[in-house]
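The following note sets out points for a colleague who has the model at hand.

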Amino acid sequence: MIRRYGIDTSVLVRLLTGVPEADFARSVQGLSALVRDEGAAVVASNQVIGEAYVAVRHHYGVTKADARTGLLHVLRSGLVSPLNGASVLDAIGSTGGAGLLDRLIADDYTREDLDVVTPDKAMASLPRVRILEVATA
């Protein structure tokens, strides 16, 4: 059985930014050893991916497009993959309409076979997401 490890947000941010340089190098070396020596799988949850996306945009001034490109690069590198698989890569690569965080939220709920309700029209354009109807008195 393949051993699986989940990373936290700080590891994904280091992989995305390369800084601090020493921490980036240690992260790559440590994760590479897990994958190479143990044959392990290293994954990032939707929450970690969303937090890293927000962190690099806010703290490093990375554009939405560059943050998405960086996430796709890291999550396709063979070092780390998305816990929820290809649907997350599709969500990261999709632009227009619902934002990345809304797509990740919808992905988590639909994995649990739940429909999603929201007041947000852009998010409601996603599969299994609908506008929350508010009853009027």
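**Notes on the predicted model**

1. Threonine 9 counts as buried, because its relative accessibility is 17% (buried is under 20% relative accessible area, exposed over 50%, and partly exposed in between, with a 1.4 Å probe and protein chains only). This residue lies in helix 1, residues 9-17; helices are DSSP runs of H or I with at least four residues, strands are runs of E with at least two, and both are numbered from the N terminus. When residues up to four places away in sequence are not counted, threonine 9 touches Val48, Glu51 and Ala52, a contact being heavy atoms within 4.5 Å.

2. On provenance, this is a predicted model, in which local features need pLDDT of at least 70 and side-chain atom pairs count only at pLDDT 80 or more, while totals for chains, interfaces and linings use all residues. Residues are numbered from 1 along each chain as its sequence is written, and side-chain values use heavy atoms, with hydrogens and water left out.

3. As to the overall architecture, the chain has six helices and five strands. Along the sequence they follow the pattern β-α-α-β-α-α-β-α-α-β-β. The C-alpha atoms fill a box of roughly 60 × 40 × 25 Å, taken along the principal axes. Of the 137 residues in the chain, 36% are buried. Among contacts with a separation of 6 or more, 55% are between residues 24 or more positions apart.

4. Helix 1 and helix 3 (residues 46-60) cross at roughly 55°, and their axes come within 9 Å. Axes here are lines fitted to C-alpha atoms, for helices over the stretch in contact, and angles run from 0 to 180 degrees between N-to-C directions. The pair is therefore oblique; angles under 35 degrees count as roughly parallel, over 145 as roughly antiparallel, 65 to 115 as roughly perpendicular, and the rest as oblique. Helix 1 contributes Thr9, Leu12, Val13, Leu16 and Thr17, and helix 3 contributes Val48, Ile49, Glu51, Ala52, Ala55, Val56 and Tyr60. By class, the residues of this contact are nine nonpolar, two polar and one charged (Ala, Val, Leu, Ile, Met, Phe, Trp, Tyr, Cys and Pro count as nonpolar, Asp, Glu, Lys and Arg as charged, and the others, Gly among them, as polar).

5. Helix 4 (residues 64-75) packs against helix 5 at an angle of about 155°, with the axes 9 Å apart. The two helices are therefore roughly antiparallel, and their crossing is left-handed. Arg68, Leu71, Leu72 and Leu75 of helix 4 make the contact with Leu89, Ala91, Ile92 and Gly93 of helix 5. This set comprises six nonpolar residues, one polar and one charged.

6. How is the packing of helix 5 and helix 6 described in angle and axis distance? The angle is about 155° and the axes are 9 Å apart, so helix 5 and helix 6 are roughly antiparallel. Their crossing is right-handed. On the helix 5 side the contact involves Ser87, Val88, Ala91 and Ile92, which meet Leu100, Arg103, Leu104, Asp107 and Arg111 in helix 6. Five of these residues are nonpolar, one is polar and three are charged.

7. Serine 87 belongs to helix 5, residues 86-93, and counts as partly exposed because its relative accessibility is 29%. Apart from neighbours within four places in sequence, serine 87 is in contact with Asp107 and Arg111. The side chains of serine 87 and aspartate 107 form a polar contact at 2.7 Å; the term denotes a pair of N or O atoms within 3.5 Å, where within protein one must be able to donate a hydrogen and the other to accept it, and residues adjacent in sequence count only if both atoms are side-chain atoms. From serine 87 to tyrosine 5 the C-alpha to C-alpha distance is 20 Å, at a sequence separation of 82 residues.

8. Leucine 114 is placed in the loop between helix 6 (100-111) and strand 4 (116-118). With a relative accessible area of 40%, leucine 114 is partly exposed. Its contacts, leaving aside neighbours within four places in sequence, are Tyr109 and Arg128. Leucine 114 and arginine 128 are 14 residues apart in sequence, and their C-alpha atoms are 7.9 Å apart in space.

Conventions:
A crossing is left-handed if the near helix is turned anticlockwise from the far one by less than a right angle, and right-handed if clockwise.
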